Amino acid sequence: MRHPILIIAEVNAALAVAEVLQRELDLVVEIAPNRRAGMAALRRNEYSLLLLEEGLATADPGTAEILYQKALTAPVLELNFAITNAQRVLRQVRAALIRRAHDQAQARQAATISLQNELKASLTGLLLESQLALREAQPAHSAKLRHLVELADDLRNRLCA
């Protein structure tokens, strides 16, 4: 499920943009009419993207900085809604969402590779230890240890595939 987009801007300025984004991207768009409402929305929910009226950001840079921090992983675009048309905003939003999806895919891939490497290392150690134990095992334990070696080898081969 994709998270909604949050627009922090005066309602009249944000409505046209919100309608275009909802229609063209099939996403839920929430409008917060001021910084305070925007902060409250960011505390309640996670967003795919945050569109911030440039005038609100420049009027209070400290609060704008906090908004950026509260946005977490959501990209923040500062726009002047009075002079920016909805089609331009749509292009910028599409590009930001594509970048976000790409970044998330890269992060997932890196996490997967890291986890695979950790598991491979652990399984290699388990396989080596079980092979050594099999060499030194008494006949009564060798069948169980051989099975353990086979299981560890099978898991390692699956991870490498």
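**Packing of helices and strands**

User: Which residues in α4 do Arg35, Gly38, Met39 and Leu42 in α2 meet?

Analyst: Helices are DSSP runs (H or I, at least four residues), as are strands (E, at least two), numbered from the N terminus. Contact means heavy atoms within 4.5 Å. In α2, Arg35, Gly38, Met39 and Leu42 meet four residues in α4: Thr63, Ile66, Leu67 and Lys70.

User: Which pLDDT do local features need in this model?

Analyst: Residues are numbered from 1 along each chain as its sequence is written, and side-chain values use heavy atoms, without hydrogens and water. This is a predicted model, in which side-chain atom pairs count only at pLDDT 80 or more, totals for chains, interfaces and linings use all residues, and local features need pLDDT of at least 70.

User: Are helices α2 and α4 roughly parallel or roughly antiparallel?

Analyst: Helix α2 covers residues 35–44 and helix α4 residues 61–70, and their axes are 10 Å apart at an angle of about 20 degrees. Axes are lines fitted to C-alpha atoms, for helices over the stretch in contact, with angles from 0 to 180 degrees between N-to-C directions. Under 35 degrees counts as roughly parallel, over 145 as roughly antiparallel, 65 to 115 as roughly perpendicular and the rest as oblique. The angle therefore makes α2 and α4 roughly parallel.

User: What orientation do α1 and α5 have to each other?

Analyst: The axes of α1 and α5 (residues 86–136) come within 10 Å and cross at roughly 55 degrees. Residues that meet there include Val17 and Leu21 in α1, and Val89 and Leu90 in α5. The two helices are therefore oblique.

User: Which strands does helix α1 lie across?

Analyst: Helix α1 consists of residues 11–25 and runs at about 170 degrees to β2. The strands that α1 lies across are β1, β2 and β3.

User: Which strands stand at the edges of the sheet?

Analyst: Four strands form an open sheet with parallel pairing, in the order β2-β1-β3-β4. Strands pair if DSSP finds at least two bridges between them. One side of each edge strand is left without a neighbour in the sheet, because each has a single partner strand: these are β2 (29–32) and β4 (76–79).

User: Which residue in β4 is the bridge partner of Leu51?

Analyst: Four bridges join β1 to β3, where Ile7 stands opposite Leu51. Strands β3 and β4 also pair in the parallel sense, over four bridges. Glu53 stands opposite Leu79 in β4, and the β4 partner of Leu51 is Leu77.

User: How many of the five residues of β3 are buried?

Analyst: Buried means under 20% relative accessible area, exposed over 50%, partly exposed in between (1.4 Å probe, protein chains only). Leu49, Leu51 and Glu53 point one way from β3, and Leu50 and Leu52 point the other way. Strand β3 is largely enclosed by the rest of the structure, because the buried residues number five of the five.

User: What is the relative accessible area of Arg100?

Analyst: Arg100 is found in helix α5. Apart from neighbours within four places in sequence, Arg100 is in contact with Glu46, Tyr47, Ser48, Thr73, Ala74 and Pro75. Arg100 is buried, and its relative accessible area is 10%.

User: How many Å apart in space are Leu56 and Ile8, C-alpha to C-alpha?

Analyst: Leu56 is found in helix α3, residues 54–59. Leaving out residues up to four places away in sequence, Leu56 touches Ile8, Ala9 and Arg35. Leu56 and Ile8 are 48 residues apart in sequence, and their C-alpha to C-alpha separation in space is 8.3 Å.
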